[in-house]
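Dear colleague,

Please find below the structure that I am handing over to you, together with its sequence.

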Amino acid sequence: MPATHASVRVTGRAVHETEVTRFDWPGVYIDFAFTGSSVELVMQDGQNDYDVSIDRGRPSLLRTREGDSTYVLARRLPFGRHEVRVTKRTEGAFGVANFYGFVLPPDGRPLPLDLPPDRRIEFVGDSYVAGYGVDGASPDCSFSRETENANQTFGAVLARRLGAQHHIVAKSGAGVVRNYGVMRRLADDPFMDYYPRALMSEPQPAWRTEQWRPDAVVLRIGRNDFTTMPHPTTKQFERAYYMLVSRFRIQYPNAHIFALCGPMRDRLPCEPIGRVVRRIHREDKDRGLHFVQLPSTLTRPDDFGCDWHPNATGQQKMADALEPVIRRQLGW
């Protein structure tokens, strides 16, 4: 079945062309419903990793390889309806996936998919949002392709709990005005240079926001601006964060926007983000904007994967803290 078939659904930012669907942002997921004894994935992609779930079961790992294009996802399936979900674990730095579709055996045929959930959330930000190091064995390990897992981030966890579609638009090391490790107060390419893109790694085409309008936008960005020296000035950061929030408000006038900081015990960026939110409340009366300081409940080293980023349990604690806030504000 080609990638454009009615029984195939891609959720997340993607470019749909005549014979191929291309994507690279983390957490993009593909759903397909069918009958048949087996199912194969056709994709050219030698750098990214994926979770594969059959009939909503426990995910298995799929590692793409250079030169390969067909991957067996399941064999010897029992008779009846089946569903497969393929979720991109890795982020845009690992390259673009070229998805061509699925192959069924002679006894197989595609089936209509269930309608997707009405609820929609977009998760935006840095490495915590992308899933950097989530599957790492300890805080001492170094980041690698194998340790990134967008499917276990607080965003993906929350979307499953809330019964919502979700997009993840995140880039490790990205900041509001200064990216991690940049030796200047202001970076040439902060996060909002990448946010408008359909593909993180390519300037064009632009993502058309009318394609998918979220009920809520969760922003978790700003820590990289202050992790290493030299820090931007507070005025530089607050001005840029104000413009960032204003851009989302113009783009999604009816969405709730959650401006997060934490769960680390950082004065920066929590204080300036809080000030920006209070200013917008005061000047624009925007009651759909919410400041959320996640509590410092992560314990060392148990809740951390590679390079002191939250592992799966740490990410779940972040989801635990945010879930009641979203449910209360959106009535979910």
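In what follows, a pocket is an open set of grid points, where a 1.4 Å probe fits, with protein on both sides within 12 Å along at least five of seven lines. Please bear in mind throughout that this is a predicted model.

The largest pocket

The largest pocket holds about 720 Å³ of space. It is lined by 27 residues, and those closest to its centre are Tyr29, Asp31, Arg56, Arg85 and Arg160. By class, this lining consists of ten nonpolar, nine polar and eight charged residues.

Which elements each supply at least two residues of this lining? They are strands E1 (8–11), E4 (29–35), E6 (49–54), E9 (81–88) and E13 (164–170), together with helix H2 (154–162). The largest share, four residues, comes from E9.

With E4, the pairing is antiparallel and extends over seven bridges; here Asp31 stands opposite Arg85 in E9. Both Asp31 and Arg85 are among the residues closest to the centre of the largest pocket. With E6, strand E9 pairs in the antiparallel sense over five bridges, and Asp51 stands opposite Thr87 in E9.

The second largest pocket

About 280 Å³ of space lies in the second largest pocket. Of the 16 residues in its lining, Ser127, Tyr180, Arg223, Asn224 and His309 are the closest to the centre. Two or more lining residues are given by each of two helices, H1 (127–130) and H3 (223–227). Helix H3 provides the largest share, which is three residues. The classes are represented by five nonpolar, six polar and five charged residues.

A five-stranded sheet

The model also contains an open sheet of five strands, in the order E2-E3-E10-E5-E8, with antiparallel pairing. Which strands form its edges? Strand E2 (15–16) and strand E8 (70–74) do, as each pairs on one side only. Within the sheet, strand E3 (residues 21–23) runs antiparallel to strand E10 (residues 97–103), and three bridges join them. In this pair, Phe23 stands opposite Ala97 in E10.

With kind regards

Note on methods: Residues numbered from 1 in each chain as written. Predicted model: local features only at pLDDT ≥ 70, side-chain atom pairs only at ≥ 80, totals over all residues. Heavy atoms only, no water. 1 Å grid on protein atoms, 1.4 Å probe; cavity = no way out; pocket = protein on both sides within 12 Å on 5 of 7 lines; lining within 4 Å. Points joined across faces, edges and corners; volume = space filled by probe spheres on them. Nonpolar A, V, L, I, M, F, W, Y, C, P; charged D, E, K, R; others polar. Pairing = 2+ DSSP bridges.
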